[in-house]
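Please read the following report with the sequence and the model open beside it.

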There are 2 protein chains.
Amino acid sequence: MQQLADTLKNKQLKVTPQRLAIYNILYNSKEHPTAEIIYQSLQDTHPTMSLATVYKTIDTLKKSNLIVELKTNGDSYRYDADISEHHHGICGSCGEVFDIFTNRLDTLILEVQKDTDFHIDSHHIYFKGTCPMCLPNNSIQH
Amino acid sequence: MQQLADTLKNKQLKVTPQRLAIYNILYNSKEHPTAEIIYQSLQDTHPTMSLATVYKTIDTLKKSNLIVELKTNGDSYRYDADISEHHHGICGSCGEVFDIFTNRLDTLILEVQKDTDFHIDSHHIYFKGTCPMCLPNNSIQH
DNA sequence: TACTTGATGATAACGATTATCGAAAGAAGG
DNA sequence: CCTTCTTTCGATAATCGTTATCATCAAGTA
């Protein structure tokens, strides 16, 4: 928690209880929660937390590159405080979002640059399919 | 136009003027338009076209895999009737969405499968950066 | 203590998409 | 051509995630 506070400070951000709580949830979760889920998770410990604060804090963290916004299948954005190079798999069965770590794409992205006039700064890669938990149940693939 | 009508028929879809008009716009456009833009484009030739019809037709075409939905930067989805294997670049300067054709990723996706328990059916790859038109103006990259 | 600035909380506003439902248009069979 | 049946269309209301507004609060400073 102190480590997270330091990270915020290093980004010139005021360390408020709300920011720390939201960043902490994102940092210690593999669920890639939505703003609404973060809000719900904080009801116990921070009952006065406003949903607007969640959105504003997310925006702040996003602009400081402490979290990444994921455009997945659902109606809402999801967020990820793991900013290391990795990709995401979206399970068509349960809807969960999973981290996919691979180094096979890293150098190749540079290669793709050779095929286009577009100047590439970053990339967002989503895989759709079935997660390991749902695979046994869903033998039928769409 | 007749070709598009046949494509709709082959997908067991009724060929209505509205569907043909919307599919035609998507098919003959490289702009990856939003529903609203499609609606605006049709005001001249189909003044009675309803925005709801645009959305419903998009949904129909989507379910028949005749178009692909793109989650880009803006507030709205964009759509692409080019269903061949290609990717998209989103220009951070002008906001346009560009096609990026490359075959460098094709086999690699299969390789990625080896690194994860997630069963991959499809992938969506977005590149963010600066388009050729904006590059000269924007020497400063974010 | 007063002043300044930025963050928070409550809520209204916004905007893209979806749902609803009566009317219109096709398709199928006489 | 006429029914009948089904699907699609158009107009509009409803939904819902996100943003904007604004008064209040908290932290830092003189």
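Of the atoms of DNA strand D that lie within 4 Å of the protein, 69% belong to sugar or phosphate, and the rest belong to bases. This is a predicted model, in which local features need pLDDT of at least 70 and side-chain atom pairs count only at pLDDT 80 or more, whereas totals for chains, interfaces and linings use all residues. Residues are numbered from 1 along each chain as its sequence is written, chains are lettered from A and ligands numbered from 1 in the order in which they are written, and side-chain values use heavy atoms, with hydrogens and water left out.

DNA strand D is surrounded by 16 residues, the closest being A:Tyr55, B:Thr16, B:Arg19, B:Thr53 and B:Lys56, where a residue is near a strand if one of its heavy atoms lies within 4 Å of it. By class, these residues divide into 5 nonpolar, 6 polar and 5 charged; here Ala, Val, Leu, Ile, Met, Phe, Trp, Tyr, Cys and Pro count as nonpolar, Asp, Glu, Lys and Arg as charged, and the others, Gly among them, as polar.

DNA strand C also has 16 residues around it, and the closest are A:Thr16, A:Arg19, A:Thr53, A:Lys56 and B:Tyr55. Sugar and phosphate account for 70% of the atoms of DNA strand C that come within 4 Å of the protein.

| Residue and its atom | Atom of the DNA | Distance |
|---|---|---|
| A:Thr16, polar side-chain atom | phosphate oxygen of DNA strand C | 2.4 Å |
| A:Arg19, polar side-chain atom | phosphate oxygen of DNA strand C | 2.8 Å |
| A:Thr53, side-chain N or O atom | phosphate oxygen of DNA strand C | 2.9 Å |
| A:Tyr77, backbone N or O atom | phosphate oxygen of DNA strand D | 2.9 Å |
| B:Gln18, polar side-chain atom | sugar or linking oxygen of DNA strand D | 3.0 Å |
| B:Lys56, side-chain N or O atom | base oxygen of DNA strand D | 2.7 Å |

Near DNA strand D, the elements that give two or more residues are α4 of chain A together with α2 (17-27) and α4 of chain B; such helices (H or I, at least four residues) and strands (E, at least two) are DSSP runs, numbered from the N terminus.

**The contact between the chains**

The size of an interface is often given as the accessible area lost when the parts come together. Between chain B and chain A the buried area is about 3400 Å², of which carbon and sulfur atoms give 62%, and this quantity is the accessible area (1.4 Å probe) that two parts lose on being put together, summed over both. B:Arg104, B:Phe118 and B:Lys128 supply 21% of the area that chain B buries against chain A, more than any other three residues.

Which side chains meet in a salt bridge with an N to O distance of 2.9 Å? They are those of A:Arg104 and B:Asp115, and the count between the two chains is 4 salt bridges, each a side-chain nitrogen of Lys or Arg within 4 Å of a carboxyl oxygen of Asp or Glu. Polar contacts join 16 residue pairs between chain B and chain A, with both residues at pLDDT 80 or more. The largest share of the side of chain B that touches chain A, 12 residues, comes from β5(B).

Strand β5 (residues 119-130) of chain A runs antiparallel to β5(B), and 11 bridges join them, where two strands pair if DSSP finds at least two bridges between them. Within this pairing, A:His123 stands opposite B:Phe127 in β5(B).

Note on methods: A polar contact is a pair of N or O atoms within 3.5 Å; within protein, one must be able to donate a hydrogen and the other to accept it, and residues adjacent in sequence count only if both atoms are side-chain atoms.
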